[in-house]
Amino acid sequence: MAFPAQANGSPRAVRSSEGSFFWRKLSEHRTALWRTASIGLFFLAWEIAGRIPISFAFPTFLETLDAFIRMTLDGSFLAAYAQTLQPLVIGIAISAVIGVGLGIVMGLSRFAEWLIAPVFVVLQAAPMAALIPLITFVYGIGLVSKTLAVIMLALPVIALNGYKAVRNANPSLVAMCYSFQGSWWQRIVKIIIPDASPVIFAGLRLGLAAGFIGVILAELLITPTGIGDLITYHRSVADYPEMYAAVVSIILVSTLTLAALEAFELRVLRPEKRRS
Amino acid sequence: MRNITAEAATAATKTAGAEIAVEVRGICKMYNEVEALRSIDLDFPAGKLTTLLGPSGCGKTTLLKIIAGLIPATSGEIRVNGKTVTGPGPERAFVFQDFALMPWATVMRNVAFGLELKGMGKDERQAIAAKYIAEVGLSGFENKFPHELSGGMRQRVGLARAFAVNADVLLLDEPFSAVDEQNRRKFQEDLLELVEKEKKTFIFVTHSIEEAVYCSDRIVILSRRPGRIAQIIEPEIDRSASPDAIRRDQGYLDTVEEIWQGLKHYVD
């Protein structure tokens, strides 16, 4: 990306001021432009694929968009998300608190690492979908099971990222804090956690993404509620545009949530990244 | 120049008349099976800049970190102002080779960090930090972040942070090694001014002979592993001359040459 911008530099200078203004504006928004174009191309390919059609169960982009707008306006998305977000929010909140906490403890203490880390390594490797029937068996089909499904997917990645981040905290900064007689607590709060926060946050983002997988799995496998219900129902009555609209909506919601989390991190925790 | 190595080891450690800030007594350091330092006895006169010079791997940084209390010695004792060192203390401040600045904090917060750890109030510590930021020549950069500064400027932040805690002894671990040559020269000149002004004891680790001779009141040359004191030299350079005159001074050049002749056989 940097190279074409450089190459544009010299001819731009000799062009008339009007032209150079246009080019400057264009290159300012270059990234946004490319992103829009990429998404546009994807929708175009979708539309064409839907019109061929590659399968009778594959709606075109415009049909899906139409269904999406309809479902947004009639409130069915609102009602669905009110249900879906419950186990997700509770599960992610629990996973974040416990995961970051355990991650930090494991990073700081060899004993805790030895005790806890293997559990999470195994949990992360285990196929969670296979364990969901087990949860149902023990905790029934209610909110508890769905929350547990979210936690089981989100917790290991959050805890393991936190642990790695703390374990790899910059030793030079730790020595600096020690040399200025920082206490044990100051070392953790003022140096290790801020230094580890980018990786902890990467873990939270991955955990949130895993949480979305967990809640949808739970809604598809345990009992159809919320957005899982929309998908299952519309599939069963062959309303494919509606089904795709529901799928697209969950992708959209999870992407936007992750982007918001990233923006929050930049704003609150890493002021130095914002300027560059 | 005065070479005081010839005087007996005991005499070498005593400096006539001068007050002793840091005493090193029989320091040995083993890293597992590797002997890094062997029975180092050394005095650092107060208010002077003493350089630890030596080939790489001679343990000069290890000795500095032992004095700082960052790593324990295998045997021996360090006394600062007569008190035995058991860990880092408020009378010593360390300047790190890799700057060790918090990337998420502004210049102001980095410089004031030592005071922040002591629990000093925000206004008070920022006033002190501002003074030292000005002293190292970084006024106007208070709200910049480390990544916005050059290597030389970052180390000035590290130096200001060490000054801000008002320690008697400043320990500098190859502070200019990550700074480019031109900035380094300017920085050395500024450092000498600060040494003059702050009246503190400086212990300085470097592998640059020119830097050692240019900056130091006294140079301790360590031999290769296991580190032992090979020579102690006092350059006795007239610091009232301009920096450029010093760099052309015959005494300066002779001292550099002599140290190089002494160190040459350690280089493979």
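Four strands of chain B form an open sheet in the order 3-2-5-6, with antiparallel pairing. Strands here are DSSP runs of E of at least two residues, helices are runs of H or I of at least four residues, and both are numbered from the N terminus. Two strands pair if DSSP finds at least two bridges between them. Strand 3 (34-45) and strand 6 (83-84) of chain B stand at the edges. Each has a single partner strand, so one side of each is left without a neighbour in the sheet.

This is a predicted model, in which local features need pLDDT of at least 70, side-chain atom pairs count only at pLDDT 80 or more, and totals for chains, interfaces and linings use all residues. Residues are numbered from 1 along each chain as its sequence is written, while chains are lettered from A and ligands numbered from 1 in the order in which they are written.

Strand 2 (residues 20-31) of chain B pairs with strand 3 of chain B over 8 bridges, in the antiparallel sense. Within that pairing, Val24(B) has Leu42(B) of strand 3 as its bridge partner. Helix 2 (residues 60-68) of chain B lies across strand 2, strand 3 and strand 5 (75-80) of chain B. The helix runs at about 120° to strand 2 of chain B. That angle, on a scale from 0 to 180 degrees, is taken between N-to-C directions of lines fitted to C-alpha atoms, for helices over the stretch in contact. Contact means that the C-beta atoms of two residues, placed from the backbone, lie within 7 Å.

Next come the parallel pairings of chain B. Strand 4 (residues 49-53) pairs in the parallel sense with strand 9 (residues 201-206) over 5 bridges. There, Leu49(B) has Phe202(B) as its bridge partner. Strand 4 of chain B also runs parallel to strand 10 (residues 218-222) of chain B, joined by 4 bridges. In strand 10, Val220(B) stands opposite Leu52(B).

How many of the residues of strand 4 of chain B are buried? The count is 5 of 5. A residue is buried if 20 or more other C-beta atoms lie within 10 Å of its own, exposed if 12 or fewer, and partly exposed in between, with C-beta atoms placed from the backbone. In a regular strand the side chains alternate between the two faces of the sheet. One side of strand 4 of chain B carries Leu49(B), Thr51(B) and Leu53(B), the other Thr50(B) and Leu52(B). Both faces are covered.

Strand 7 (residues 92-95) of chain B also has both faces covered. Arg92(B) and Phe94(B) are buried on one side, Ala93(B) and Val95(B) on the other. This strand pairs in the parallel sense with strand 8 (residues 169-173) of chain B over 4 bridges. Arg92(B) has Val169(B) as its bridge partner.

Now the packing. The largest nonpolar core has 136 residues. Such a core is a set of buried Ala, Val, Leu, Ile, Met, Phe, Trp, Tyr and Cys residues joined through C-beta atoms within 7 Å. Among the residues that touch the most other members are Ala154(A), Ile67(B) and Ile203(B). Helix 8 (residues 143-167) of chain A gives this core its largest share, 15 residues. Beyond its neighbours within four places in sequence, Ile203(B) is in contact with residues including Thr50(B), Leu52(B), Ile67(B) and Val169(B).

The two chains can be set side by side. Chain B holds 10 helices and 11 strands. Its radius of gyration, 18 Å, agrees with the value near 18 Å for a compact globule of 268 residues. Chain A has 13 helices and 0 strands. Its radius of gyration is 24 Å, well over the 19 Å that the globule rule gives for 276 residues, so chain A is more spread out than a compact globule. The radius is taken over C-alpha atoms, and the rule is 2.2 Å times the number of residues to the power 0.38. Buried residues make up 44% of chain B and 32% of chain A.

Finally, confidence. The predictor gives the complex an ipTM of 0.86 and a pTM of 0.78. Mean pLDDT, the predictor's confidence in each residue from 0 to 100, is 84 for chain B and 85 for chain A. It stays under 50 over residues 6-13 of chain B and over residues 1-15 of chain A. Where pLDDT is low, the predicted coordinates should not be read in detail.
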